Amino acid sequence: MRIRLIAVGRRMPDWVTAGYQEYARRLPRECALELIEIAPGHRGRKADVRRILQEEGERMLAAIPRGSRVIALEVGGRPWSTPQLAERLGDWLAGGQDIALLVGGPEGLDPACRARADEQWSLSPLTLPHPLVRVLLAEQLYRAWSLRAGHPYHRA
C-alpha cells in the first residue's frame with residue numbers, strides 16, 4: 001500500500017520540507033508516504049479564485065492513481081483521534097488499496113475534489129496553513145503506525 005499526499009503548492013519553506021521528510025522517511029515500506037505537489041494557480045489582485053480552484057482541482061484529480069481510496073482534508077470533515085487513525089491505517093494496510101490524501105491551497109479544495117473523495121477528514125476545527133498540514137499529516141501517520149507497531153514513539 002502507498003499513501004500519496006496530493007497537495008497544492010510548491011517551493012515550501014525549508015522547515016516544511018525538513019519536517020515532512022523527517023516523518024515520511026520513518027514510515028516503513030508497507031505504508032510508504034509519497035508527496036505529489038500540484039502547481040498552484042496564480043493569485044494576483046484580480047484573480048478569478050473560482051477558476052483557480054477549479055484548475056487546481058482538475059490537476060489534483062488527474063494525479064490520483066487509479067483504484068485509490070480518496071480522503072479529502074477538510075475543516076468540516078470527521079475528526080479522528082490518534083487511536084482511530086491507527087485503526088484506519090490498519091484497515092488500509094489490510095485492504096491493500098492505495099490511499100490518496102488531498103490537501104488544497106489557501107482557499108481549500110475545489111468542490112469536485114470533495115465530491116470525488118470517499119471520505120473527508122479534519123485534522124482540527126482550526127483552519128491550518130496548508131504547508132503546516134503536510135508536516136502534521138506525515139507526523140500523525142508515523143504516530144499511527146508506531147502505535148500499531150508497539151513502537152515507543154506514541155506515549156498517550
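Axes are lines fitted to C-alpha atoms, for helices over the stretch in contact, and angles run from 0 to 180 degrees between N-to-C directions. This is a predicted model, in which local features need pLDDT of at least 70 and side-chain atom pairs count only at pLDDT 80 or more, while totals for chains, interfaces and linings use all residues. Residues are numbered from 1 along each chain as its sequence is written, and side-chain values use heavy atoms, with hydrogens and water left out.

Q: Why are α3 and α5 called roughly perpendicular?
A: Angles of 65 to 115 degrees count as roughly perpendicular, under 35 as roughly parallel, over 145 as roughly antiparallel and the rest as oblique. The two helices pack at about 80°, with axes 8 Å apart; α3 and α5 are therefore roughly perpendicular to each other.

Q: What makes the contact of α3 with α5, and how do its residues divide into nonpolar, polar and charged?
A: Contact means heavy atoms within 4.5 Å. Among the residues that make it are Leu 85, Leu 89 and Trp 92 of α3 and Leu 141, Ala 144 and Arg 148 of α5. Ala, Val, Leu, Ile, Met, Phe, Trp, Tyr, Cys and Pro count as nonpolar, Asp, Glu, Lys and Arg as charged, and the others, Gly among them, as polar. On that basis the contact has 10 nonpolar, three polar and two charged residues.

Q: Which residues of α3 are buried, and what puts them on the same side?
A: The buried residues (under 20% relative accessible area, with exposed over 50% and partly exposed in between, 1.4 Å probe, protein chains only) are Thr 82, Leu 85, Ala 86, Leu 89, Gly 90 and Trp 92. They cover an arc of only 165° around the axis, which puts them on the same side of α3; the arc is that of the directions from the helix axis to the C-beta atoms. The face turned away carries the exposed residues Glu 87, Ala 94 and Gly 95.

Q: Why is Gly 108 called partly exposed?
A: Gly 108 has a relative accessible area of 24% and is therefore partly exposed.

Key
Helix = DSSP H or I, 4+ residues; strand = E, 2+ residues; numbered from the N terminus.
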